[in-house]
Amino acid sequence: MNQQNLADFIWNVADVLRGDFKQSEFGRIILPFTVLRRLECVLEPTRDKVRSQYEAMKASGVDMDLILPSTAGATFYNVSQFSLDSVGSTSTRANLEDYIAKFSANARQVFEHFAFDGWLAKLETANLLYLVTQKFASIDLHPNVLSNHEMGLVFEHLIRKFAESANDTAGEFFTPRDVVRLATTLVFAPDHEALNGEGVVRTVYDCAAGTGGFLSSAIEQVDEWNPNARLVPYAQELNPETYGISVADKLIQGFETRNIKLGNTLSNDLLPHEQFDYCLANPPFGVKWEKVQKQVQDEHSQQGYAGRFGPGLPRVGDGSLLFLMHLLSKRKPVELGGSRIGIVLSGSPLFNGGAGSGESEIRRWILENDWLEAIIALPTDLFYNTGIGTYIWVLSNHKDALRKGKVQLIDASALHAPMRKSLGSKRKYLSNEQITEIAKLHEAIEDGLNSKIFATTDFGYRRITVERPLRLRFSVTPEKLEAYRDTKGADQVEVLAVVQGEFDNLPAFLKAAGIRKLSKGAQKAVLACFGERDINAQPVLDDKGNVQADSDLREFENVPLNQSIDTYFEREVLPHVPDAWIDTGKTDAKDGQVGIVGYEINFNRYFYVYQPPRPLAEIDADLRAVEAEITALLGEVTA
């Protein structure tokens, strides 16, 4: 029985819950029972030995956490006399509560995060507790039947079903394992030599861990490459239930679960001073961060670059770049080996926000520090809850010499295989051969059809402000005069009232009225009320003799960083608008030069291949065929 079929089998327990529980509640019962059964199966071989040792030593006052885990052969244990198949049909709830209470504290917390005692009470009230318990007691989840990897997949399938039944988004909780495998391969492969040493110990961190599948897959992959290497997982997760599964998963794998934290990463980093060798994450796509807006803004304004969010803040509608900055805050110094990071993001962090915006400043910070190694465009329809295009960003603060000052873009959007059966929105997957092909493109660092190499500055530009003269033709009409009379700065109304004719410049208009000088307010009112834009009129000058800019004609030009602004302006702007000029007062806040610096990575532009339209003859033939078909159908209706 494969993992999905087993998950379906477990989910069939929901049939006995129908009527007494809402469909959205099924998962809150099924998930903790599945965890409980798995923990029970893991401990079963040493169960009697642990119980005997506990009974022999419980009066000694010795801390059982120091003794019983080694007896249990695990990082947790249970000393209850009960198991799922022995809780009995009477006093079922009390016996189950005793069973759970006698787990070691690190395992017991899992059920506390599920609020499991409340669901046991509800099942008892519905007279279903014993029946559900016996159904789970009959499911074989022993490690020799189901590996930790396979068990992780079962949890993920169950969560997907739970999310669907609750009209929730399963993608918030886990990443498809083919995407995980590609990300971990890209992150670990350049360190393959280091990971192949004897007794290697490295740390890996996920700031949006879900069920911990990303970390588990990373651990499995390193173990495949070198059984003598060890990855120590660290994580933080927001959802109590998926956090509980992650803790249970790491307990079963023999890891210290004190490194797995429950809480909101953005508002409350619970591993504040830790730094890691590797960071992996798939934060939720396009999720608003307004709930933690105050805490994030306070950290940004009060700590600056000493905090996590120094470069800037993205718009509240998408917090993806906040997670990326958080991961970069966890990088180890280069002298301590540095860090490599893999993060899965949607397309918006590549280009959202113009020059000077929070998003652009974050990209600028990353690229100017030369931390971005590669971005890989993935196929659509890879995720369970969305069909959008996604990207893996690979970052490092200890790039290989060949990658210094460069960024590699890989278009892997056409590399995929069809799913035999769709899972939610997931209709495609990455085969092992395709993952290997993408990894080879990354390793080669070469320009080609699906791989492009750029300098980090290629993504930067200066947004210059291009001004053109305000040109007005002046005349007086009763309507204009009335409008002028009603303005706050109106002056010498009667004199202006007698002016006849049209004037292509302001001095001539004022001279005809016999006015030598107007106050600033009055002149502003004259321009607004008596002037009409006319490209053949003379430019309007201010009181210092400078040409006034027409805000309606103001435009912006993005000049590539590696080009001269003046040369670009002469080549691209002046031939079309000879009277234009650059507003040199608009300078960048960081380097003080003319133009606001911006960075964007317009991925599609670099891989765009022009497809010529079909010949007109073919299009005409198709249109005639459609017209003939429509005529025939109309003939049938009117016959």
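Two strands count as paired if DSSP finds at least two bridges between them. In this predicted model, strand β6 (residues 372–377) and strand β8 (residues 406–411) are joined by four bridges and run parallel. Within that pairing, Ile 376 has Ile 410 of β8 as its bridge partner.

β6 and β8 belong to an open sheet of nine strands, ordered β3-β2-β1-β4-β5-β7-β6-β8-β11, with mixed pairing. The edges are taken by β3 (260–262) and β11 (451–455); each has a single partner strand, so one side of each has no neighbour in the sheet. From one strand to the next, the twist averages 15 degrees. Helix α19 (residues 432–444) lies across β5, β6, β8 and β11, and runs at about 155 degrees to β8.

## Strand β5

In the strand order of this sheet, β5 stands between β4 and β7. Strand β4 (residues 278–281) is joined to β5 by four bridges, and these two strands run parallel. Tyr 278 is the residue opposite Arg 340 of β5. On the β7 side, seven bridges link β5 to strand β7 (residues 390–396), and here the strands run antiparallel. Ile 343 has Trp 393 of β7 as its bridge partner.

Strand β5 (residues 340–346) is mostly covered, with seven of its seven residues buried. The cover extends to both faces. Arg 340, Gly 342, Val 344 and Ser 346 are buried on one side, and Ile 341, Ile 343 and Leu 345 are buried on the other.

Strand β13 (residues 472–475) is joined to β14 by two bridges, and the two run antiparallel. In this pairing, Ser 475 stands opposite Glu 502 of β14.

## Helix α3 against helix α8

Helix α3 (residues 26–43) packs with helix α8 (residues 116–125) at an angle of about 110 degrees, and their axes are 10 Å apart. Angles of 65 to 115 degrees count as roughly perpendicular, and α3 and α8 are therefore roughly perpendicular to each other. Their crossing is left-handed.

From α3, the contact uses Arg 28, Ile 29, Pro 32, Phe 33 and Leu 36; from α8, it uses Phe 116, Trp 119, Leu 120 and Leu 123. By class, this contact has eight nonpolar residues, one charged residue and no polar residues.

## Helix α7 and its neighbours

In helix α7 (residues 105–113), the buried residues include Ala 107, Gln 109, Val 110 and Phe 111. The buried residues of α7 pack against α3, α6 (92–101), α8 and α14. Just after α7, Ala 115 takes a positive phi of about 50 degrees.

## Helix α13 against helix α14

Helix α14 (residues 240–253) also packs with helix α13 (residues 213–225): their axes come within 10 Å and cross at roughly 20 degrees. Since angles under 35 degrees count as roughly parallel, α13 and α14 are described as roughly parallel to each other. The contact is made by Leu 215, Ser 216 and Ile 219 of α13 and by Asp 249, Lys 250 and Gln 253 of α14. By class, it has two nonpolar, two polar and two charged residues.

## Two individual residues

Asp 550 is in the loop between β15 (531–533) and β16 (555–560). Its relative accessibility is 3%, so Asp 550 counts as buried. Apart from neighbours within four places in sequence, Asp 550 is in contact with Glu 467, Arg 468, Pro 469, Leu 470 and Arg 533.

Gly 521 is part of helix α23 (residues 520–530). Gly 521 is partly exposed, with a relative accessible area of 41%. Gly 521 and Ile 565 are 44 residues apart in sequence, and the distance between their C-alpha atoms is 36 Å.

Notes
Residues are numbered from 1 along each chain as its sequence is written. This is a predicted model: local features need pLDDT of at least 70, side-chain atom pairs count only at pLDDT 80 or more; totals for chains, interfaces and linings use all residues. Side-chain values use heavy atoms; hydrogens and water are left out. Axes are lines fitted to C-alpha atoms, for helices over the stretch in contact, and angles run from 0 to 180 degrees between N-to-C directions. Angles under 35 degrees count as roughly parallel, over 145 as roughly antiparallel, 65 to 115 as roughly perpendicular and the rest as oblique. A crossing is left-handed if the near helix is turned anticlockwise from the far one by less than a right angle, and right-handed if clockwise. Contact means heavy atoms within 4.5 Å. Ala, Val, Leu, Ile, Met, Phe, Trp, Tyr, Cys and Pro count as nonpolar, Asp, Glu, Lys and Arg as charged, and the others, Gly among them, as polar. Buried means under 20% relative accessible area, exposed over 50%, partly exposed in between (1.4 Å probe, protein chains only).
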